[in-house]
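Visitor: Hi! Could you walk me through how some helices pack here, and then the core?
Guide: Happy to. Here is the model.

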Amino acid sequence: MHALQLLGYFQSYQLTWSYLLDQLVAGLTLGSLYGLMAIGYSMVYGVLKLLNFAHGEVFMIGAYIGYFVLVALGGAAAPVVPVALLIILMLAAAMIGAGVLGVAIERFAYRPLRKARAPRIAPLISALGVSFCLQQLASIFFGTAYKQYNPFGLSGGTLTTPWHLGSLEVSWMQVIVILTTAFFMLVLWQLVTRTQIGRAMRAASFDLEAASMMGIDVDKVVVFTFFVGSALGGAGGVMNGLYLSNVFPLVGFNVGLIAFTAAVVGGIGSIPGAMVGGIAIGLLQSFAIGYWSSAYQDVIVFCVLILVLLIRPTGILGVPAPQKV
Amino acid sequence: MKKVRAILGVIIVLGVAAAATSVAVAKTGKTVRIAAGPSCKLATIGVTGPFTGPAASAGIDQRNWADLFISYWNSGKPIPGTPKSLKRIPLVAIHADTQLNPQVSATVAVQLRSNPAVVLVNGFSGSQENVAGGPILRRGGLGFVSGSATRASLTNPTTPDGHVLSNGYFHRVVPNDNAQGSVDVTFMLKKLGIKKGDQVMTVDQAEAYSVPLISLMSSLLGKAGVKVDRESQPATQTDFTSLAQKAVAEHAKAVAFAGQVASNAQLFLQQLKADGFTGKWISTDGTFDDTKFTVPGAYISSFSLDIHTIKSAAPIVAAFKKKFGQDTISFGVPTWVAVQTMAHAISIACTAGHGHITRTSARLALDKVNLKTSLIGRPIAFQKTGDVRGGISFTIFQIGGNGKYTAVQAG
């Protein structure tokens, strides 16, 4: 670190452990949100080889559902139930709502095209169409004004006030976001590796047609994949609101673009890869702002990501697709 | 069975679309009968603003002031700056929501341009909206008067924006951002105790409104010997955690923020405070919204005066409260003045045209408007560039413990 200081670029505060850890926690938190959302992209792509661009809007609807539950239960400043229960209810409602929405999107916008063996570009356009429809409908029904979760009012602000552990400064809200993401990741991993439906998902992901011939109900697997991926997107929407407060019709589109990038960089189709990609982008953004300038954050992030893809075209944890001859 | 499902699907989609349309129509309010062409019996003006979207609170305040002015004008009530001798041509307004979105304002501009009855337009509210929609209004021969667009280049004919807009088409009744940047920096240096050698973080939102404004403020602060950390966070990237940590770590004495989303200002300042920031906060008029930005102690500059401090305006403010069931946030007050200049121009054009008016005559008449006084207690007349003659400045407000905005330095 002293060598870096000698270079004359860094300020002395930027070379302290506490500052480094601050940026690390900020990046991990943001990366967890991206990762949770990236999993949805990756799961759907893994099974259907479809880029579900409507996933960002599922995230947005999840965020709105969480907001309406929050308001119905008294708001952040004066909830009528304990805060832990409030957060669980918000997550549950958003996950169910987003999951059902995901299934509906698959049923009405993608399945007919899949059954008709439409060219691959058709579901892609259908996904974009659903994305814009949901954005517009959210604007009409929920209004375009920003809605605020106001997490700084939860528990009198204790959840957002940082506490210290040695050089580490972290808030309970950051802990909640990181641990909740880790929990969902663990549950998903168990689901995919230890259950029958998980095995079916992996089989479908390897070869949809062969899986069907082996007696796997492919439609059921696809519905399940959409439900789980969308539910995680909905949970991401609520956590985004709890951490960053603002919800608006375009919130999913913006986060979705980054999460999609995370899924590709992590290795699209790979669930751990999506999380790794999300965290990588979160950390890059955070360190770019903390150690250089916010004005260059996207330049730095995307230059590094291009470099990663040049070195590993399949992404960090991606594997090359087998060539069928 | 497949056909039944397909028909069912189509019915559901149409049902959702119909419901959405009915909500959208309900939100646009009442319809008005409009003359086929420009008329001196009932003159039609466009009233634009962000009535929905992130700046809806400010936009609705603007619309309310425009509507209040028109009701005063049409009913013959006394209006500051309007002589009794002036023949009032009755006005009817077409409201158009631009959502503070340049693409939407361009669409709105096409609609207004295509409506032959429209003679003048109030707007656009945002500077970037004027850049997008202004040239379209110009092609339709329409003059337009904004009550809130402050970007300096809009009235500077040597810039690309000003070259297109400032030749008699775009007008505004508010000061420009050169004034805002200067007022804000002077306030920081003289009232907030920022001095040579102090560290200040300046943050824009990477869009056309805030970048030049923060560039100017950073430059002025730098000239005063203040150490400036110039940052730029896109409005779509809503996590300010790393920036907040940076501001605290570099011991910034103040953060100056320019943006058009008040909720972002709220989040950034809350994250700063959570990280232990004890310095001062000042943000620009784009964050002026007492429903979304309510952190006590923050300072905000605004082109508008606090109308509550002007005694002569008290009866009109009371009428505003009565008509709309809520108090004004003062943001929309200049819109009253903007519509007033349009009303005067229409009267002047109709008188000169012996009962006939065209878009061109109405637009040219804007330059002949000369209000000896106005609701904000100041005379209003336009320069050739479209700026107001004389000096209107920015007012600095502070947010109180109850979230209420109070003027602490008059403009």
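Guide: Let's begin with chain B, where the axes of helix α3 (residues 102-114) and helix α4 (residues 127-139) come within 8 Å and cross at roughly 20°. Axes are lines fitted to C-alpha atoms, for helices over the stretch in contact, and angles run from 0 to 180 degrees between N-to-C directions. This is a predicted model: local features need pLDDT of at least 70 and side-chain atom pairs count only at pLDDT 80 or more, while totals for chains, interfaces and linings use all residues. Residues are numbered from 1 along each chain as its sequence is written, chains are lettered from A in the order in which they are written, and side-chain values use heavy atoms, with hydrogens and water left out.

Visitor: Are α3(B) and α4(B) roughly parallel or antiparallel, then?
Guide: Roughly parallel, because of that angle; the term covers angles under 35 degrees, with over 145 counting as roughly antiparallel. Their crossing is right-handed, meaning that the near helix is turned clockwise from the far one by less than a right angle.

Visitor: Which residues of α3(B) and α4(B) make the contact?
Guide: Among them are P102(B), S105(B) and A106(B) of α3(B), and Q128(B), E129(B) and A132(B) of α4(B). Contact means heavy atoms within 4.5 Å. By class, the contact of α3(B) with α4(B) has eight nonpolar, three polar and three charged residues.

Visitor: Switching to chain A, at what angle do α2(A) and α9(A) pack?
Guide: At about 165°, with the axes of α2 (residues 17-48) and α9 9 Å apart. That is why α2(A) and α9(A) are roughly antiparallel to each other. Here α2(A) passes α9(A) in a left-handed crossing.

Visitor: And how do the residues of that α2(A) and α9(A) contact divide?
Guide: Into 17 nonpolar, six polar and no charged.

Visitor: OK, the core. Which residues touch the most other members of the largest nonpolar core?
Guide: I45(B), M188(B), F268(B), W281(B), F293(B), W336(B) and I346(B), out of 187 residues. A nonpolar core is a set of buried Ala, Val, Leu, Ile, Met, Phe, Trp, Tyr and Cys residues joined through side-chain atoms within 4.5 Å, where buried means under 20% relative accessible area (1.4 Å probe, protein chains only). Helix α9 (residues 218-244) of chain A gives this core its largest share, 13 residues.

Visitor: What does W336(B) touch?
Guide: Its contacts include W65(B), L68(B), F69(B) and Y72(B), not counting residues up to four places away in sequence. There is also a second, separate core of 18 residues, including I94(B) and V121(B).

Key:
Buried < 20%, exposed > 50% of the residue type's maximum accessible area, 1.4 Å probe, protein only. Helix = DSSP H or I, 4+ residues; strand = E, 2+ residues; numbered from the N terminus. Parallel < 35°, antiparallel > 145°, perpendicular 65-115°, else oblique. Nonpolar A, V, L, I, M, F, W, Y, C, P; charged D, E, K, R; others polar.
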